[in-house]
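Welcome! Please have a look at the sequence and the structure, then read on.

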Amino acid sequence: MSAEQPRTAPDGPATFVNSFTLRTTPEEFEDAFARTARFMERQPGFLGHTLVRHLEEPHSYVNIARWKDVASFRAAVGHAEFPPHAEALRAISTSSSNLYLERHSATVEAR
């Protein structure tokens, strides 16, 4: 841990951000992603996710997933049933992902 990093233990809410660039149609990607999402939704500690598609680049997506804690996320991706999901997405897209610890959050009701 560098001196600049927060000294927060990885036991609070975690956010996984994954950017995808497709090598297939958006429909095929969304079908494969939906199968992975259904698997993740059954995992302990999963709080929810949002998949968004770039407005002007329809082959570009970002998924933002919230987890109870880092351990829950790591257990899910370490599950024996997870590799086929990751392989299916890698076969049709390239991705870049990062895991973040929550530092501030706000929710506003629709007006």
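Which residue of β3 stands opposite Ser19? The residue opposite Ser19 is Val62 in β3. Before going further, a word on the source: this is a predicted model, in which local features need pLDDT of at least 70, side-chain atom pairs count only at pLDDT 80 or more, and totals for chains, interfaces and linings use all residues. Residues are numbered from 1 along each chain as its sequence is written, and side-chain values use heavy atoms, with hydrogens and water left out.

**The overall plan**

The protein has three helices and four strands; these elements are DSSP runs numbered from the N terminus, helices being H or I with at least four residues and strands E with at least two. Read from the N terminus, their order is β-α-β-β-α-α-β. The C-alpha trace spans about 40 × 40 × 30 Å along its principal axes.

**The sheet**

In the sheet, the four strands lie in the order β2-β3-β1-β4, forming an open sheet with antiparallel pairing. Two strands are said to pair if DSSP finds at least two bridges between them. At the edges stand β2 (46-53) and β4 (93-101), each with a single partner strand, so one side of each is left without a neighbour in the sheet. On average, neighbouring strands are turned by 15° against each other, direction ignored; such angles run from 0 to 180 degrees between N-to-C directions, with axes fitted as lines to C-alpha atoms, for helices over the stretch in contact.

Here are the strand pairs with their bridges.

| Strand pair | Sense | Bridges |
|---|---|---|
| β1 (residues 14-22) and β3 (residues 60-67) | antiparallel | eight bridges |
| β1 and β4 | antiparallel | nine bridges |
| β2 and β3 | antiparallel | seven bridges |

Ala14 stands opposite Trp67 in β3, and in β4 the bridge partner of Ala14 is Leu101. Trp67 is also the bridge partner of Phe46. Further along, Leu51 stands opposite Asn63 in β3, while a hairpin through six residues joins β2 to β3.

**The largest pocket**

A pocket is found on a 1 Å grid over the protein atoms alone, as an open set of points where a 1.4 Å probe fits, with protein on both sides within 12 Å along at least five of seven lines; lining residues have an atom within 4 Å of a point. The largest pocket has a volume of about 380 Å³, that is, the space filled by probe spheres set on the points, which are joined across faces, edges and corners. Its lining holds 22 residues, of which Phe16, Asn18, Phe20, Phe82 and Leu89 lie nearest the centre. The elements β1, α1, β2, β3, α2, α3 (83-92) and β4 each give two or more residues to this lining.

**A salt bridge**

What does Arg66 form with Glu102? The two form a salt bridge, with the closest N and O atoms 2.6 Å apart; the rule asks for a side-chain nitrogen of Lys or Arg within 4 Å of a carboxyl oxygen of Asp or Glu. The count by this rule comes to one salt bridge. This pair links distant parts of the chain, 36 residues apart: Arg66 lies in strand β3 and Glu102 in the segment after β4. Arg66 also stands opposite Thr15 in the sheet.
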